Amino acid sequence: MQAEDMESSMESPNLEFEYGDTDTLTAELSELYSYTEEPEFALNRDYFEEDFRSHARGRRWIELTVEEQRTYVMRLLDALEVTDRDKRLKVARAILYLAQGVFDECDTEVDVLHWSRHNVFLLYDMGIFTALLELLSMEIDNSQACSSAVRKPAISLADSTELRVLLSIMYLMVETIRIQTEDDRPEWRTAREAFKNELGSPLYNGEPFALLLFTMVTKFCSMNAPHFPMKKVLLLLWKTILFTLGGFEELQEMKIRGRERLNLPPLPEDSIKVVRAMRAASPPASAMELIEQQQQQKRGRRSRRPLVKQDSLDTYNERDPFKNDDARDEEEDPEDTDSGIEGEVDPLDRDVIIQPPPPPPPLRPPTERVNFPKGLPWAPKVREKDIEHFLETSRNKFIGFTLGNDIETLVGLPRPIHESVKTLKQHKYVSIAEVQVRKEDELQQCPMTLGEEDIEETPTEMLYLGMLPNLSQYVIALLKLLLAAAPTSKAKTDSINILADVLPEEMPITVLQSMKLGIDVNRHKEIIVKAISALLLLLLKHFKLNHIYQFEIVSQHLVFANCIPLILKFFNQNIMSYISAKNSICVLDFPHCVVHEMPELTAESLEAGDSNQFCWRNLFSCINLLRILNKLTKWKHSRTMMLVVFKSAPILKRALKVKQAMMQLYVLKLLKIQTKYLGRQWRKSNMKTMSAIYQKVRHRLNDDWAYGNDIDARPWDFQAEECALRESIEKFNSRRYDKNRNGEFTPVDNCLQSVLGQRVDLPEDFHYSYEMWLEREVFSQPIQWEGLLQNP
């Protein structure tokens with residue numbers, strides 16, 4: 001029975017997961033609210049109806065004409081300016097009820113979303129967002145609330161009521177306006193563009209709106225404002241960046257336009273489509289499964305091989321050369337048992353938790369899959385540096401001298417080398433980053449000749465300019481929050497409390513309430529991880545496209561703040577159980593909970609959770625964190641060695657158990673860059689993984705990743721590499737953003753007459769003390785004229 005269980009765990013079904021910028025609108029809206037906040041929905045409705053009844057005389061909101069609705073919103077806007085804090089809060093709650101879609105007047109969830117969309121555009125048109133921004137600034141600067149929160153031993157939901165209401169309205173406005181639908185009115189499309197430009201430009205206190213939210217994050221992490229509702233702040237910050245800078249589809253379009261502007265050849269393929277078309281591979285067997293199998297073979301029993309489904313690794317129907325390898329090739333290296341992050345890995349984590357059989361996944365429409373020719377999914381790439389290195393080696397071997405960076409001259413080289421160079425040049429890929437680095441070097445060498453650089457005022461550029469002075473603080477604060485929210489983190493007394501906006505005033509007294517709060521806390525942490533991972537990935541991708549050195553400075557701050565071991569620590573858990581976690585209560589999710597009658601919650605219904613095969617947000621977070629790790633380590637030898645030093649290979653191998661093609665691709669990329677350093681024994685023991693890397697990851701024609709013959713030629717000097725990079729970044733920032741950068745190039749006036757003829761502004765009392773100054777500084781000082789005759 002145990003052997004059968006193991007076999008079934010190896011044959012876990014593919015996860016039908018569609019990666020994108022965000023989850024569905026309903027899921028994104030429901031994640032804004034904690035389950036502890038559920039009673040506040042009725043409170044918002046009551047405050048609205050109390051005020052609206054006197055205005056509408058028995059009619060409902062959805063029965064009013066648009067003009068009447070505008071008149072009422074104007075009245076609410078005026079009431080927001082009263083000095084009484086409690087009255088302001090009541091008005092803000094009424095506005096929040098409008099943004100939530102006047103759910104008491106709706107019968108279905110679709111109606112709620114329809115009226116929410118209608119009301120949000122109306123609120124934006126009436127200038128509500130600007131008024132809310134002023135109130136938010138007031139609350140952030142409210143020193144009384146901050147000091148009382150610092151002194152409190154335990155912070156609860158009640159300490160952040162005003163902030164939560166304001167941030168909820170703003171989030172609903174940003175998220176609703178951000179999403180385009182086919183039936184949008186023309187005025188809504190105009191409003192969307194206007195709002196997008198407003199949020200991205202420095203209209204709010206001379207800086208983009210995102211910077212205000214970054215300030216809230218750093219203030220919270222420095223323990224100066226422990227009552228800030230961090231989940232809502234991070235969600236709003238992520239959606240603001242997503243709206244103003246653009247998502248992954250927009251990034252791809254911007255990359256294509258950027259290459260056209262620089263006269264570079266088009267991209268060999270659309271990476272988003274290629275990844276979507278990939279199929280997941282069967283994960284490699286773990287040591288426990290193989291030992292069990294060998295024991296059964298010794299007893300003489302016939303047993304089916306657990307890796308019989310290995311052909312699913314073979315995405316494009318090519319025969320797997322390692323299919324008949326002996327089972328011992330799958331054994332893990334003895335070194336793999338040590339995680340190298342924090343203590344030993346739990347042996348239970350080595351196997352997949354056996355889940356009940358999930359419902360059959362829905363079939364995806366065949367039009368989404370791209371049909372590749374028989375072969376590899378990615379076109380191979382070669383950098384110009386690789387061609388230079390190949391020619392340098394060949395010239396040294398056949399001629400005995402080199403020609404520097406010349407990649408055209410092939411005199412004296414044999415015919416096969418000519419063919420090799422021709423093949424390499426066919427697959428040569430010049431990235432936007434390489435062009436930017438080359439241009440920056442030219443600007444550094446010839447600052448006078450090339451003159452000023454024309455910098456396009458894009459939203460990314462304005463955001464970077466605003467973030468630059470406090471960039472390291474922002475990065476450290478985000479990583480602190482990520483560490484506090486990670487499921488592998490131990491509760492420490494000095495760690496920051498991220499549960500301020502989820503814990504109720506009165507702690508639970510029954511088992512059911514404790515279970516509900518436990519689910520709420522876990523869900524709260526998962527949402528924070530989701531928001532931070534998506535935010536960091538977006539920032540890295542946009543900064544890299546805008547200018548490579550902007551990306552490099554953020555990357556370096558992340559590396560110096562221990563982002564690499566932090567992400568590895570995150571994956572050092574039973575990743576299958578994290579991805580299939582059921583930390584949600586469907587009947588309490590918005591908008592379901594405000595439309596339908598609330599059934600009685602029982603311990604059984606809470607334990608059952610939803611019927612989904614996986615948790616979308618957790619799989620999304622895992623893929624984002626793997627992509628961030630790839631971005632930090634790509635082409636950085638010293639950082640790749642950090643992956644080896646922290647013994648990431650066994651951690652990443654366990655992540656391959658998740659049968660989702662995109663996640664497996666980024667795990668395999670991380671394994672590929674370090675295989676040459678893991679030793680021959682590791683490669684021999686993990687041939688199925690090597691086969692998967694060959695089939696799924698893009699090939700670099702000169703990359704000796706599978707053999708590691710050039711290791712001795714590349715010593716690991718972390719400090720030298722990072723210092724050289726830091727120097728280039730500082731030169732870039734100084735040249736491009738330092739206001740006094742041209743001081744040393746200011747022309748000097750050498751004419752005595754013009755210098756003496758310049759008017760010098762002297763203080764008013766100067767002429768009173770002029771004679772004293774002459775006596776003290778000139779006449780009483782002995783002048784040694786013979787000093788001029790002496791040799792210096």
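What share of the contacts in the chain with a separation of 6 or more comes from residues 24 or more positions apart? The figure is 80%. The model is predicted. It has 36 helices and zero strands. Of the 792 residues, 51% count as buried.

**Confidence**
- The chain has a mean pLDDT of 84, and 84% of its residues reach 70 or more.
- Residues 1-11 have pLDDT below 50; this stretch makes 21 contacts in the model beyond near neighbours in sequence.
- Residues 301-373 also stay under 50 in pLDDT. The model gives them 142 contacts beyond four places in sequence.

**Surface and cores**
- Accessible surface comes to about 40,100 Å², and carbon and sulfur atoms hold 53% of that.
- The largest nonpolar core has 196 residues. W61, F209, L481, F571 and M663 have the most contacts inside it.
- Helix α22 (residues 511-546) gives the most to this core, with 16 residues.
- Leaving out residues up to four places away in sequence, M663 touches F571, I575, I579, L619, C622, I623, L626, A655 and V658.
- A second, separate core has nine residues, among them V382, L391, L410 and I417.

**Salt bridges**
- The count of salt bridges is 40.
- K239 pairs with E28 in a salt bridge, with the closest N and O atoms 2.9 Å apart. This pair links distant parts of the chain: K239 sits in helix α12 (residues 230-245) and E28 in helix α2 (residues 25-30), 211 residues apart.
- K239 has a relative accessible area of 0%, under the 20% cut-off, so K239 counts as buried. E28 is also at 0% and therefore buried.
- D51 and R75 form a salt bridge at 3.4 Å, N to O. D51 is in helix α3 (residues 39-56) and R75 in helix α4 (residues 66-79), so the pair ties together parts 24 residues apart in sequence.
- D51 is partly exposed at 25% relative accessible area, and R75 is partly exposed at 34%.
- K636 and E552 meet in a salt bridge at 3.1 Å, N to O. K636 lies in the loop between α28 (616-633) and α29 (637-645), and E552 in helix α23 (residues 548-560), so the pair ties together parts 84 residues apart in sequence.
- K636 is buried at 14% relative accessible area, and E552 is buried at 7%.
- A network of salt bridges links E28, E31, E175, R178, K239, E526, K530 and R617.

Terms used:
Residues are numbered from 1 along each chain as its sequence is written. This is a predicted model: local features need pLDDT of at least 70, side-chain atom pairs count only at pLDDT 80 or more; totals for chains, interfaces and linings use all residues. Side-chain values use heavy atoms; hydrogens and water are left out. Helices (H or I, at least four residues) and strands (E, at least two) are DSSP runs, numbered from the N terminus. Buried means under 20% relative accessible area, exposed over 50%, partly exposed in between (1.4 Å probe, protein chains only). Contact means heavy atoms within 4.5 Å. Accessible areas come from the Shrake-Rupley method with a 1.4 Å probe; for residues, only the protein chains shown count as cover. A nonpolar core is a set of buried Ala, Val, Leu, Ile, Met, Phe, Trp, Tyr and Cys residues joined through side-chain atoms within 4.5 Å. pLDDT is the predictor's confidence in each residue, from 0 to 100. A salt bridge is a side-chain nitrogen of Lys or Arg within 4 Å of a carboxyl oxygen of Asp or Glu.
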